[in-house]
Amino acid sequence: MKSREEIISDMCYTYRHDYGLDKDPNDPPWIAGMTPEERKGLYNTMAQIFDNNIAPVMELKNGKSR
């Protein structure tokens with residue numbers, strides 16, 4: 001089974017195909033990639049979605065209670 005971090009990272013790549021590409025903050029907006037701050041923000045958003053919506057369903061499926 002994948003770890004929490006692997007699942008969240010996969011969610012980030014699903015949402016933004018350029019999640020893993022580095023981008024300079026001074027690059028024009030049409031250049032693919034994300035700055036470290038943008039990447040951290042997306043990861044935190046996906047982590048919140050995972051923790052609040054996906055993890056509880058996974059726990060129910062595995063027979064665990066909160």
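A nonpolar core, as I use the term today, is a set of buried residues of the kinds Ala, Val, Leu, Ile, Met, Phe, Trp, Tyr and Cys, joined through side-chain atoms within 4.5 Å. Please keep in mind that this is a predicted model.

I'll start with the core. The largest one has eleven residues. They are Ile7, Ile8, Met11, Cys12, Tyr19, Met34, Leu42, Met46, Ala47, Phe50 and Ala55. Two elements give two or more residues each: helix α1, residues 4–15, and helix α2, residues 36–61. The largest contribution is that of α2, with five residues. As background, nonpolar side chains in soluble globular proteins tend to be buried together.

Take one core member, Ile8. Which residues does Ile8 touch, if we leave out those up to four places away in sequence? The answer is Tyr43, Met46, Ala47 and Phe50. Met46, Ala47 and Phe50 are also on the list of core residues.

Now the charged side chains. How many salt bridges are there? The count comes to five. I'll go through three of them.

One joins Arg4 and Asp51, with the closest N and O atoms 2.9 Å apart. Arg4 belongs to helix α1 and Asp51 to helix α2, so this pair ties together parts of the chain that are 47 residues apart in sequence. Both ends are partly exposed: Arg4 has a relative accessibility of 32%, and Asp51 has 29%.

The next is between the side chains of Asp10 and Lys2, at 2.4 Å from N to O. Here too both partners are partly exposed, Asp10 with a relative accessible area of 34% and Lys2 with 46%.

Is Asp18 buried or exposed? Asp18 is buried, because its relative accessible area is 5% and the cut-off for buried is under 20%.

On to the aromatics. A search of the whole structure finds one aromatic pair. Such a pair is described by the distance of the centres and the angle of the planes. In this case the rings are those of Tyr13 and Tyr19, with centres 5.1 Å apart and planes at 80°, so the pair is edge-to-face. What puts it in that class is the cut-off, since planes over 60 degrees apart count as edge-to-face. Tyr13 is partly exposed, with 42% relative accessibility, whereas Tyr19 is buried, with a relative accessible area of 9%.

The charged end of Arg39 sits over the Tyr19 ring, 6.0 Å from the ring centre. Tyr19 is one of the core residues as well.

Last, the loop between α1 and α2, where we find Thr35. Thr35 counts as buried, at 8% relative accessibility. Which residues is Thr35 in contact with, leaving aside its neighbours within four places in sequence? They are Lys23, Asp24 and Pro25. Thr35 and Asp22 are 13 residues apart in sequence, and their C-alpha atoms are 6.0 Å apart in space.

To recap: the largest core has eleven residues, the salt bridges come to five, and there is one aromatic pair. That's what I have.

How values were computed
Residues are numbered from 1 along each chain as its sequence is written. This is a predicted model: local features need pLDDT of at least 70, side-chain atom pairs count only at pLDDT 80 or more; totals for chains, interfaces and linings use all residues. Side-chain values use heavy atoms; hydrogens and water are left out. Buried means under 20% relative accessible area, exposed over 50%, partly exposed in between (1.4 Å probe, protein chains only). Helices (H or I, at least four residues) and strands (E, at least two) are DSSP runs, numbered from the N terminus. Contact means heavy atoms within 4.5 Å. A salt bridge is a side-chain nitrogen of Lys or Arg within 4 Å of a carboxyl oxygen of Asp or Glu. Rings of Phe, Tyr and Trp (its six-membered ring) pair if their centres lie within 6.5 Å; planes under 30 degrees apart count as stacked, over 60 as edge-to-face and the rest as tilted. A charge sits over a ring if NZ of Lys or CZ of Arg is within 6 Å of the ring centre and within 35 degrees of the ring normal.
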